[in-house]
Amino acid sequence: MDDSARRLLQRIMRRIPAQMLKPTLDKWGRLTAAQRQSMDFTESKWALTEKLLAICEENEMTVKHITELEMIHVIENPDHCMWYALQLMDPEEDVHSVELTQFKEQFKSHLRELIRHVSIKIKKHTDEAVWIRIAWGDSFSRPNHLKPTYVVHHLQTPYVFVTSLTSKLKPLLSQALVLSTRYQAIKDASLSGRKLTAIRDLLMRQYQQVFPTKYPSPLAENDQNASNILINKEQAELAASRHQKACEAFGDGMLPQLQSAVYKLETKFRDHTNKTMTEREEAFRCVVKFASTNLLESLRHCASSGIASTPGTSLLSSIPLKGRNYFVITDNSPGPSSQTRQPSN
Amino acid sequence: MERLQSSVVRTPPNSTVVQRRSKSYRQSYRSCLGAPSRLGLTPGLTARRLNSSRRALKSHVITVSHTNPSLTIFYVLLNLQRETLNGHVFYPVLFLLKEKVNPEHLALLVKTEWRLSYVTPLHQFRHTQLKRYSRQLSAFIAAEKQQGVAMEVEGSQSGFRVSFSVVQGLAATDDDAETVLIQIYSTPVFARQDEPQKSVWSGWLTCINGNPEYLESLPKGFTCLPLFGGSGAEVLTSLVKSWFQRTFDCCFGPLEINHTSLQWLAALWTNCHTESNLQHLKMIWTLPVVPPLQVTYTVNPQDAWELWMSVRKDRLERTEEEAEAGSIDIEEVVRFVQGLKSHFYRHFRLDLSAGNLNQVSTTLGSAKSSGKIKISNSRYMITTLTLLTECALLKMPI
């Protein structure tokens with residue numbers, strides 16, 4: 001087992017948390033029963049790493065086998081890297097006939113044409129997602145397995161999620177994806193986040209669907225702890241209607257856990273109390289970043305508690321509506337309520 | 001109507017306060033500013049208020065690169081001549097002709113983020129006894145260490161050396177006591193013989209432009225240094241504070257920077273954009289929803305400055321006196337921040353007033369509502385410290 005394989009294995013062992021070690025190794029399935037018995041999972045991680053290194057030497061494993069282990073771990077825990085969403089555009093006629101084996105062959109051959117030394121591993125996960133691990137090299141050096149790029153693509157949808165991709169390599173990956181999926185172009189979907197599940201759900205609307213029709217008002221009897229009956233009676237109707245509007249804009253139930261949204265504003269300053277600034281020709285440039293452990297939940301609470309007024313038409317409801325979290329707003333771009341995404345099928 | 005309000009706050013308070021002549025009673029800071037609440041014209045319920053108007057943040061040159069003092073005076077004269085040539089009679093340029101601040105001290109003050117506290121007046125504190133205080137504090141720290149107070153600070157094997165020094169040149173008026181700087185050094189555990197000691201903790205006590213009525217009302221023997229800033233291990237901070245409390249019979253308390261002061265800092269820093277590039281005006285709000293939502297609002301400095309100037313222009317047009325031109329009123333500050341909030345509201349339909357302003361930062365410095373301040377540019381140190389001294393004096397219980 002050569003040096004790079006050893007380093008890679010050590011790195012993987014550092015990243016896998018202690019309680020996940022046994023199930024991950026079992027899933028990997030490259031250890032014999034005797035070897036599995038010999039690993040004592042109550043020892044420290046460092047001791048286990050040494051043990052595993054010895055076993056891999058025994059089995060004469062190569063880098064190829066170690067990368068399988070890494071891929072298993074990343075597929076189980078995708079929430080540790082920053083994921084960026086891309087969208088494929090302009091499908092050709094035969095886009096629906098692309099199926100797995102064809103995609104795999106095409107992708108591998110196209111990418112290998114574009115860059116000589118590259119190591120590709122493709123795996124299909126249970127939920128219709130195709131996972132691709134790419135280790136990049138160049139004309140002079142072997143693929144660097146310590147900095148791989150992971151790509152997730154759901155066949156039959158135009159969405160691709162990537163992590164750890166430098167700008168130099170992005171065009172190569174884009175080209176390979178476009179050619180193998182029978183689309184004509186690919187663009188940045190302006191959506192990024194740490195939790196792959198969250199951005200996937202947001203983009204593909206796999207959470208509780210928001211239909212912009214009337215959301216049924218919650219029953220007035222829900223609130224049993226009436227502290228002051230008269231005040232509650234007055235406020236109940238207002239609260240109910242706020243809650244209804246909030247759910248219409250953001251959805252009900254569990255929302256995808258997005259962490260942040262960035263708006264770059266380049267609009268003119270308009271304030272009737274300040275004549276000088278309103279007459280100014282240039283845009284008022286600022287950047288607003290919203291951050292929270294669960295951003296959509298916070299925004300929904302803003303709407304239902306009254307801090308945000310008219311949630312349905314504001315820029316904030318564009319996040320779930322358009323499935324993006326990076327926006328550039330200028331005076332010329334149309335307002336958020338006039339654009340809705342075509343539902344994908 | 002606004003003019004009348006602001007002039008009410010600036011009215012000398014003595015006319016409405018009854019002064020008792022007993023020795024044990026001292027005028028509290030609260031009674032010094034009792035006038036506004038009794039006249040009932042100011043909104044809000046507190047009797048004590050921050051100054052509603054302050055001089056604009058002109059850059060105070062407190063260090064000169066030349067060590068020759070005669071060159072300092074020459075530089076100042078040149079500038080004064082330039083001003084009269086241009087015909088700007090009222091351009092309020094303030095150069096400190098007193099001793100310039102030691103550049104080492106200044107470098108230390110500028111590069112660190114300080115945690116602030118207020119301090120009640122110190123009894124029998126002498127600026128001449130600093131060496132004695134250094135020895136006493138080191139002995140105190142060593143004694144506490146022996147008692148088993150946990151010290152996670154590096155170098156706890158060898159002793160700590162404390163150094164008290166006076167930072168001359170910062171005091172703005174004659175009433176202000178000189179700023180005192182405290183530094184604690186320790187030798188790292190595996191140090192060579194000649195390796196210099198590392199500073200593990202530093203702190204300072206200061207009073208800049210303190211309220212003169214209050215300072216004069218203090219009985220003899222009390223020194224007022226109401227603003228304390230510390231940076232370093234929390235253990236050492238609490239040890240220094242307890243030593244001060246024991247030796248000088250004073251009290252320390254946490255000083256938060258409330259949203260009015262943060263708005264002041266935002267406006268004062270924006271005002272300096274032409275002299276030193278801000279690079280950005282960043283404000284961080286927290287909205288009280290579940291889970292809490294943090295909004296970071298970063299404004300392009302040029303646009304922020306133009307908004308600020310447009311707010312000032314409106315007021316300057318209404319002002320007749322030239323002397324007013326140099327000072328900034330609280331209404332302008334409020335209108336400036338309100339303008340920023342309304343631009344935000346126009347886009348997001350979220351009212352930022354529902355949340356708390358937690359932090360304001362620019363390249364000139366950053367201030368957090370939890371009481372942390374960092375002044376990154378020495379030119380604006382005096383005015384920022386003036387604002388903070390005022391906050392400390394207001395928060396003090398006596």
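Reader: What makes β3 and β4 of chain A count as paired strands?
Author: In this predicted model, strand β3 (residues 129–136) and β4(A) share six bridges in the antiparallel sense. Two strands pair if there are at least two bridges between them, so six bridges are enough for β3 and β4 of chain A. One bridge to look up is A:V130 with its partner A:H153 in β4(A).

Reader: And what about β4(A) and β5(A): how many bridges join them?
Author: Four bridges do, with β4(A) and strand β5 (residues 159–163) of chain A running antiparallel. A:V152 stands opposite A:F161 in β5(A). The hairpin of these two strands has four residues between the strands, and A:Q156 takes a positive phi near 75 degrees there.

Reader: Why is β4(A) described as mostly covered?
Author: Buried means under 20% relative accessible area, and six of the six residues in strand β4 (residues 149–154) of chain A are buried. A:T149, A:V151 and A:H153 point one way, while A:Y150, A:V152 and A:H154 point the other way, and all are buried. In a regular strand, side chains alternate between the two faces of the sheet.

Reader: What makes β2 and β6 of chain A edge strands?
Author: Look at the order of the open sheet, β2-β3-β4-β5-β1-β6 (chain A), with antiparallel pairing. β2 (118–124) and β6 (183–193) of chain A each have a single partner strand, so one side of each has no neighbour in the sheet. From one strand to the next, the twist averages 20 degrees. For β6(A), the pairing with strand β1 (residues 83–91) of chain A is antiparallel and has seven bridges. A:Y84 has A:S192 in β6(A) as its bridge partner.

Reader: Which strands does helix α6 of chain A touch as it packs on the sheet?
Author: Helix α6 (residues 100–114) touches β2, β3 and β4 of chain A. Its direction makes about 170 degrees with that of β2(A).

Reader: Why is B:D249 called exposed?
Author: The cut-off for exposed is over 50% relative accessible area. B:D249 has 62%, so B:D249 counts as exposed. It is found in the loop between α8 (234–248) and β9 (252–254) of chain B.

Reader: Is B:Q279 buried or exposed?
Author: B:Q279 is exposed, because its relative accessible area of 53% is over 50%. Its loop runs between α9 (259–271) and β10 of chain B. Though not a glycine, B:Q279 has a positive phi of about 70 degrees.

Reader: Last one: what kind of peptide bond joins B:V290 and B:P291?
Author: A cis one, with omega about -10 degrees. You'll find B:P291 in the loop between β10 (281–287) and β11 (293–299) of chain B.

How values were computed
Residues are numbered from 1 along each chain as its sequence is written. Chains are lettered from A and ligands numbered from 1 in the order in which they are written. This is a predicted model: local features need pLDDT of at least 70, side-chain atom pairs count only at pLDDT 80 or more; totals for chains, interfaces and linings use all residues. Side-chain values use heavy atoms; hydrogens and water are left out. Buried means under 20% relative accessible area, exposed over 50%, partly exposed in between (1.4 Å probe, protein chains only). Axes are lines fitted to C-alpha atoms, for helices over the stretch in contact, and angles run from 0 to 180 degrees between N-to-C directions. Contact means heavy atoms within 4.5 Å.
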